[in-house]
Amino acid sequence: MLKRSQNLNIKDQRKGKPNYLLISFAVFLCFLILFSIALTMVVRATDFMLRRPRKEINILAENLVPTHDTISFQSLDKNALLSAWYFQAMGPVRGNIILVHDNLNNRLQFDLETAELYSFLRNSGFNVLAFDLRHSGQSSGEISAYGYMEYLDVLAALREVQRLSNNDKFILMGFGSGCVASLLAWEALPEKPQAEADRPYLLRDVELCKDNIQAMIFDTIAASADDYIRAEIKNEGFLNRFLYYPFIPTAVRLSASHEKAKLSPLLAQVQAPVMITRNLPESHLDEASIEAVIRERLRLKHELTYVWETQEAGSISGWLLDPENYRQHLSKFLDRWFSE
């Protein structure tokens, strides 16, 4: 009788003992389910960021911009047909300027007021190409990738303007994430001219090198390409910031098959003159990120760097808020480095 009671007690103890293996499996399964849900949400949010509706060209613009040729050309990866306006310089040609717009924008970076910028640049003796990056304006393309893919569009634009102008002196003028596309395009070019057989496949018909980029103008450049992505996530509400802020920049880069673009080290390598302009205070991007780029460029290439700040709150809005000073400082930079 005693033995039977002892056996019952042992069984009761076994029944009361937790099954750690089963609990561990249940916890792992819950974690896997939560991870799958989170991953799906990040993928969907990234897809939304990449495929946002394009901003169409203002229908009044065609009649307001200076005399131009409407052209189109393929991006280097053949994934987009790019639409553009080409403005020929008035008087002796001092070089070519490629305008590279911000994400979620188009060749009219400042809407109809961009026409005055075109006029100013061509009247200053520069051929100007204003074009829509992929998935923008009137260009084709499935996604916009904050410069991670658009640098291929910039390289195609350089090739096209060289063909049209028979001139190989270039200035890249980027706005917002257009700074990313411009710097990545510069990085992709060889140091010196190369024979066609020696160039990478995508650059086979691009007969240019880094030396052909004789100046860069950046309106609101940040320390990293990811900063432009994070700035847009901030506008999507608290839940999105909490869930997606750490992950979407990485997902965008993976979608574009590109490594992380830190702009400060790239800009430090540019031996050509660089003009940087921005709003102070900055209303959209992380102001500290912009400060870091400017500070590092001035430390390393002070004599080749020109900085001007619009003393009014905004973001990429100096041309709109203070066009007279914007024009004056732009002229000063161009006149110093590009003789008539």
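## Starting from L117

Not counting residues up to four places away in sequence, L117 touches F110, M173, F175, W319 and L330; contact here means heavy atoms within 4.5 Å. The model is a predicted one, in which local features need pLDDT of at least 70 and side-chain atom pairs count only at pLDDT 80 or more, while totals for chains, interfaces and linings use all residues. Residues are numbered from 1 along each chain as its sequence is written, and side-chain values use heavy atoms, with hydrogens and water left out.

Is L117 buried or exposed? With a relative accessible area of 1%, L117 is buried.

## The whole protein

The protein has 13 helices and eight strands. Helices (H or I, at least four residues) and strands (E, at least two) are DSSP runs, numbered from the N terminus. Of the 340 residues in the protein, 52% are buried. Among contacts with a separation of 6 or more, 76% are between residues 24 or more positions apart.

The accessible surface comes to about 17000 Å², and carbon and sulfur atoms hold 55% of it. Such areas come from the Shrake-Rupley method with a 1.4 Å probe; for residues, only the protein chains shown count as cover.

L117 belongs to helix α4. Seven of the ten residues of α4 are buried, so this helix is mostly covered. The buried ones are T114, A115, L117, Y118, F120, L121 and R122. After α4 comes G125, with a positive phi near 100 degrees.

Helix α6 (residues 178-188) is mostly covered too, with nine of its eleven residues buried. They are G178, C179, V180, A181, S182, L183, L184, A185 and W186. What lies over them? The cover of these buried residues includes β3 (95-100), α5 (151-165), β5 (170-175), β6 (213-219), α7 (225-233) and α10 (263-269).

## A helix with two sides

Helix α13 (residues 323-337) lets you check a length for yourself. The expected span of a helix is 1.5 Å times one less than its number of residues. For the 15 residues of α13 that gives 21 Å, and the end C-alpha atoms are 21 Å apart, which agrees.

Which residues of α13 are buried? They are Y326, H329, L330, F333 and L334. Seen down the axis of α13, these buried residues fall within an arc of 130 degrees, so they line one face of the helix. The arc is that of the directions from the helix axis to the C-beta atoms. On the other side of α13, the exposed residues are E324, Q328, K332 and R336.

## Loops worth a look

In the loop between β3 and α4 (114-123) sits D111. D111 is not a glycine, yet its phi is positive, about 55 degrees. Its relative accessibility is 30%, so D111 counts as partly exposed. H135, in the loop between β4 (126-131) and α5, also has a positive phi, near 55 degrees, and is a residue other than glycine. H135 is buried, with a relative accessible area of 11%. Leaving aside neighbours within four places in sequence, the contacts of H135 include L50, R54, S140 and S144.

Another loop, between β7 (274-279) and α11 (287-301), contains P281. A cis peptide bond joins L280 and P281, with omega about 5 degrees.

## An enclosed space

How many cavities of 30 Å³ or more are there? The count is one. On a 1 Å grid over the protein atoms alone, a cavity is a set of points where a 1.4 Å probe fits but cannot get out, and lining residues have an atom within 4 Å of a point. Grid points are joined across faces, edges and corners, and a volume is the space filled by probe spheres set on the points.

The largest cavity holds about 60 Å³ of space. Its lining includes H101, N103, R134, Y146, E150 and S177. G178 and A181 also line this cavity, and both are among the buried residues of α6.

How values were computed. Buried < 20%, exposed > 50% of the residue type's maximum accessible area, 1.4 Å probe, protein only. 1 Å grid on protein atoms, 1.4 Å probe; cavity = no way out; pocket = protein on both sides within 12 Å on 5 of 7 lines; lining within 4 Å.
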